[in-house]
Amino acid sequence: MSKKPLILGIESSCDETAASLVTENEQGTPVVLSNIISSQVDIHKEFGGVVPELAARSHIEKIDWIVKKAIDDSRCKIEEIDAIASTAGPGLIVCLSVGLSFGKALALSLNKPFIAINHLEGHALSPRLNSNLDYPYLVLLISGGHSQFLSVQGLGKYKRLGTTIDDALGEAFDKTAKLLGVEFPGGPQIEILAKKGDPNKYDLPKPIFNKGGCNLSFAGLKTSILKITKNIKTDQEKFDLAASFQKTVEDILYKKTKIAFNEFEKENKIKEKKFVVAGGVAANKNIRSMLENLCIEKNYHSIFPPINLCGDNAAMIALVGLEKFKIKQFDNLDHPPKPRWPLDENAAFLKGAGVKL
Ligand code: KG4
Ligand code: ZN
């Protein structure tokens with residue numbers, strides 16, 4: 001029995017410091033041996049969002065023991081590691097630099113290959129962890145930093161079908177929560193407040209609802225909520241606004257996912273259609289059940305990986321490292337951190353004023 005590759009993954013692109021060891025079993029299924037994630041929510045709470053310098057400082061303080069704990073928890077020895085994979089982008093440059101430099105230094109000291117990983121590639125492949133999910137599949141990634149539909153055809157073969165042209169969905173949830181006076185990150189609280197409200201009370205805008213394919217836009221929604229909150233006086237009005245926001249987001253995702261399904265089917269002529277929802281917002285129960293119902297309606301197999309594997313984590317980084325290790329795709333130690341690093345290099349840059357859809 002030949003030794004299976006053992007990969008250490010390191011993630012520090014935003015406000016989670018994470019390390020993980022991943023290998024594969026005899027059937028070639030990627031297996032997570034340890035998955036350590038340290039969130040910095042408490043550090044950034046009082047500022048209502050992630051402060052890059054504070055995040056980087058915390059990564060520097062924690063990365064050493066987090067990597068050590070990931071190795072200890074895996075019950076492997078550091079000498080058994082075959083390669084080190086660190087997130088190199090996209091993300092906050094001061095944060096990326098911590099995990100990237102740590103990974104390079106460790107690779108150099110252990111005399112093992114170093115692999116620079118695209119964080120989005122990690123999210124795209126994450127549903128393959130601990131599962132035998134085959135390519136191709138469609139991913140909706142909805143997190144605090146990203147909102148994209150990706151057709152995943154194989155390692156290195158991604159087609160971005162749609163993306164947000166402004167805010168990420170998690171960001172829209174957090175900003176709405178902040179306007180309603182809920183502490184950062186307030187996304188999960190919106191879902192709770194929404195249960196007590198009338199979803200039809202406020203008619204909120206649905207930007208680019210009838211154009212732009214499956215591209216998304218949430219900034220106009222936030223502006224409208226800002227205006228409404230100025231006149232809100234009672235708790236009930238707050239609940240109604242949270243419910244209206246939640247319903248508007250569901251309407252947008254329902255319509256845009258249907259479009260993404262059509263585009264995915266044009267790209268991939270397959271019988272077994274698979275749809276993965278990843279990222280922190282996938283924890284939203286209403287969004288989840290709405291998308292599950294849509295999958296039943298459209299004959300898709302729906303996959304919601306556990307949140308510790310589809311929110312920000314290092315197991316997904318180690319997984320991409322594992323797949324690249326097997327084809328000997330290594331990187332040099334001068335690999336730079338890349339704050340912007342699109343997964344699909346052919347996809348147009350769709351952010352900012354003047355975007356034409
Ligand atoms: O993928 P993730 O864990 O990490 C980053 O993006 O860094 O996603 C976090 C995002 C936050 O914006 C958070 O408010 C949102 O996911 N989120 C939710 C829910 N749980 C987490 N948004 C809506 N409803 C939820 N239940
Ligand atoms: Zn992420």
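Tutor: A polar contact is a pair of N or O atoms within 3.5 Å. Keep that cut-off in hand; this model is predicted.

Student: What makes E191 a polar contact of ligand 1?

Tutor: A polar side-chain atom of E191 lies 2.9 Å from a nitrogen atom of ligand 1. That pair is within 3.5 Å, so it counts as a polar contact.

Student: Which part of G144 comes to an oxygen atom of ligand 1?

Tutor: The backbone. One of the N or O atoms there lies 2.6 Å from the ligand oxygen. G187 also uses a backbone N or O atom, at 3.4 Å from an oxygen atom of ligand 1. Both values are within 3.5 Å, so both pairs qualify.

Student: How much of ligand 1 does the protein bury?

Tutor: Taken alone, ligand 1 exposes 560 Å². The protein buries 85% of that area.

Student: Which residues around ligand 1 come nearest?

Tutor: There are 17 residues around the ligand, and G144, D174, E191, G280 and N284 come nearest.

Student: Which helices each supply at least two residues of the shell?

Tutor: α5, residues 169–179, and α6, residues 187–194.

Student: How do the shell residues divide into nonpolar, polar and charged?

Tutor: Four are nonpolar, nine polar and four charged.

Student: Why is ligand 1 said to lie between domain 1 and domain 2?

Tutor: Both domains give residues to the shell around ligand 1, so the ligand lies between them. Domain 1 covers 7–128 + 309–326, and domain 2 covers 134–304.

Student: What makes β8 and β10 edge strands?

Tutor: Start with the sheet. It is open, has five strands in the order β8-β7-β6-β9-β10, and its pairing is mixed. β8 (157–163) and β10 (300–303) each pair on one side only, and they are the edges. From one strand to the next, the twist averages 25 degrees.

Student: How do you know that β9 and β10 pair?

Tutor: Two strands pair if DSSP finds at least two bridges between them. β9, residues 273–278, and β10 share four bridges, so they pass. Their sense is parallel. One bridge joins K274 to H301 in β10.

Student: What makes β1 and β4 a pair?

Tutor: Four bridges link β1 (residues 7–11) and β4 (residues 83–89) in the parallel sense. At least two are needed, so the pair stands. I7 has A83 in β4 as its bridge partner.

Student: What is the phi of N111?

Tutor: About 60 degrees, a positive value, although N111 is not a glycine. Most residues other than glycine have a negative phi. N111 is found in the loop between α3 and β5.

Notes
Residues numbered from 1 in each chain as written. Chains lettered and ligands numbered in written order. Predicted model: local features only at pLDDT ≥ 70, side-chain atom pairs only at ≥ 80, totals over all residues. Heavy atoms only, no water. Near = heavy atom within 4 Å. Polar contact = N/O pair within 3.5 Å; in protein donor to acceptor, adjacent residues only side chain to side chain. Areas by Shrake-Rupley, 256 points an atom, 1.4 Å probe, with all protein chains shown as cover. Nonpolar A, V, L, I, M, F, W, Y, C, P; charged D, E, K, R; others polar. Domains from an automatic or database assignment. Axes fitted to C-alpha atoms, helices over the stretch in contact; angles between N-to-C directions.
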